[in-house]
Amino acid sequence: MGQGGLSLTFRSARPEDMAGIVATSAETGWEQLSAREREGVTPEDFAARVAGMFHHALSAPGGALLVAEDSGKVVGYILFCLQPNNLTGRLEGFFFDQFVEPEYRHRGLAQELNARAMERCAGLGATGVSLLIAPHNGDSLKAARRSGFKVERLIFSRPL
């Protein structure tokens with residue numbers, strides 16, 4: 001499929017994709033943590049938590065990891081599953097993690113991954129989707145807005 005002048009294919013992740021994707025998620029996720037969240041946590045501890053997040057999401061109802069591939073190389077992915085909304089109980093999709101290689105950004109790839117994940121969630125009965133983005137992650141905020149996401153709630157935190 002052509003995407004922003006690219007010839008990409010989209011598919012479910014394969015077992016051989018997992019190590020590289022989880023490592024990328026741990027590396028980029030570490031960069032998104034606040035100073036408070038990093039206190040007392042090593043990058044290695046965080047990487048173990050990320051691996052657990054992937055296991056949790058892929059074991060949950062509707063759990064999937066979709067990848068975008070260019071000439072056999074994974075250049076983007078989205079990890080999601082279904083879960084009840086904490087406030088309404090309605091079934092929703094939750095996007096745990098998404099990544100696009102820097103050289104593939106600003107070409108609509110994140111929006112295409114979002115659209116495919118939303119389509120799959122809707123097909124499984126979800127009434128909406130949600131995700132969390134660090135407030136300083138401008139590229140992800142723009143990509144989410146381009147995919148139709150709007151701020152519904154803000155999460156505040158502070159150290160004790």
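Predicted model: local features only at pLDDT ≥ 70, side-chain atom pairs only at ≥ 80, totals over all residues.
Local features were taken at pLDDT of at least 70 and side-chain atom pairs at pLDDT 80 or more, whereas totals for chains, interfaces and linings use all residues. Residues are numbered from 1 along each chain as its sequence is written, and side-chain values rest on heavy atoms, without hydrogens and water.

Helices (H or I, at least four residues) and strands (E, at least two) are DSSP runs, numbered from the N terminus. Helix α3 comprises 17 residues, 43-59. From first to last C-alpha, α3 reaches 24 Å, close to the 24 Å expected at 1.5 Å a residue (1.5 Å times one less than the number of residues). Phe46, Val50, Phe54 and Ala57 of α3 are buried (under 20% relative accessible area; exposed is over 50% and partly exposed in between, with a 1.4 Å probe and protein chains only). These residues lie on the same side of α3 because they cover an arc of only 90° around the axis, taken from the directions from the helix axis to the C-beta atoms. The other side of α3 carries the exposed residues Glu44, Ala48, Arg49, His55 and Ser59. The cover of the buried residues includes α1 (18-32), β4 (64-70), β5 (73-84) and β6 (91-100).

Glu69 is located in strand β4 and counts as buried because its relative accessibility is 12%. Beyond four places in sequence, Glu69 touches Ser7, Leu8, Thr9, Arg11, Arg14, Val74 and Val75 (contact: heavy atoms within 4.5 Å). The side chains of Glu69 and Arg11 are joined by a polar contact of 2.8 Å (a pair of N or O atoms within 3.5 Å, one able to donate a hydrogen and the other to accept it within protein; residues adjacent in sequence count only if both atoms are side-chain atoms). The C-alpha atoms of Glu69 and Phe10 are separated by 6.2 Å, with the two residues 59 residues apart along the chain.
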